[in-house]
Amino acid sequence: IHTAADFLAFVKKDDLEVCFVVDTQTSQLRGFAWLTEMSGGKAFAHYCFLGVPHRAIGRAVVNFWCNLRRPDGQALLYVLLGITPEFHNKAVRFIRIIGFTKLDTIPGYFEDHKGSGRSGAIISHYDCEAHRQRTLLSKGS
């Protein structure tokens, strides 16, 4: 994505579910996140933050996604999946902080960000059903 037109074309794609994160006090866009390959109660989660990523923003996005409902009222998602370059230490730390669970690493999945070889991909998941249960318990107390 190199231009505003490229960005608009990207977020308007039919196979993406995009949400924007806006700081309500400053009206500043803080980031955006999107889901891909959404079907059967699962989706791949992606995010981009503008400025320093804050755990509250990440948790708010995860909460939003986990509470999406189908027209019949049933949960839309049961699990979020992630594939994170292992060389991106801040992203790896961030997904852990917001509650994703690391499963394993696929060696050589990504081209290294410096173009100097290959890097592994950390596979992770977030359990939306457990999230909803925790939310219900915290509201009940």
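Across the chain the average pLDDT is 90, and 97% of the residues score at least 70. Where pLDDT is low, predicted coordinates should not be read in detail.

The description now turns to strand β2, which spans residues 28-39. On one side of the pairing scheme, β2 is joined to strand β1 (residues 17-23) by 7 bridges, and these two strands run antiparallel. Within this pairing, V21 lies opposite G31 of β2. The two strands form a hairpin with 4 residues between them, and S27, located in the turn, has a positive phi of about 60°.

Strand β2 also pairs with strand β3 (residues 42-49), again in the antiparallel sense and over 7 bridges. Here W34 stands opposite H46 in β3. The hairpin of β2 and β3 has 2 residues between the strands, and G40 adopts a positive phi near 60°.

Is T36 buried or exposed? Its relative accessible area is 15%, and because buried means under 20%, T36 is classed as buried. Leaving aside residues up to four places away in sequence, T36 touches D15, L16, A43, F44 and H46. Of these contacts, H46 is also the residue of β3 that stands opposite W34. In a regular strand, side chains alternate between the two faces of the sheet.

Notes. Residues are numbered from 1 along each chain as its sequence is written. This is a predicted model: local features need pLDDT of at least 70, side-chain atom pairs count only at pLDDT 80 or more; totals for chains, interfaces and linings use all residues. Side-chain values use heavy atoms; hydrogens and water are left out. Buried means under 20% relative accessible area, exposed over 50%, partly exposed in between (1.4 Å probe, protein chains only). Contact means heavy atoms within 4.5 Å. Two strands pair if DSSP finds at least two bridges between them. pLDDT is the predictor's confidence in each residue, from 0 to 100.
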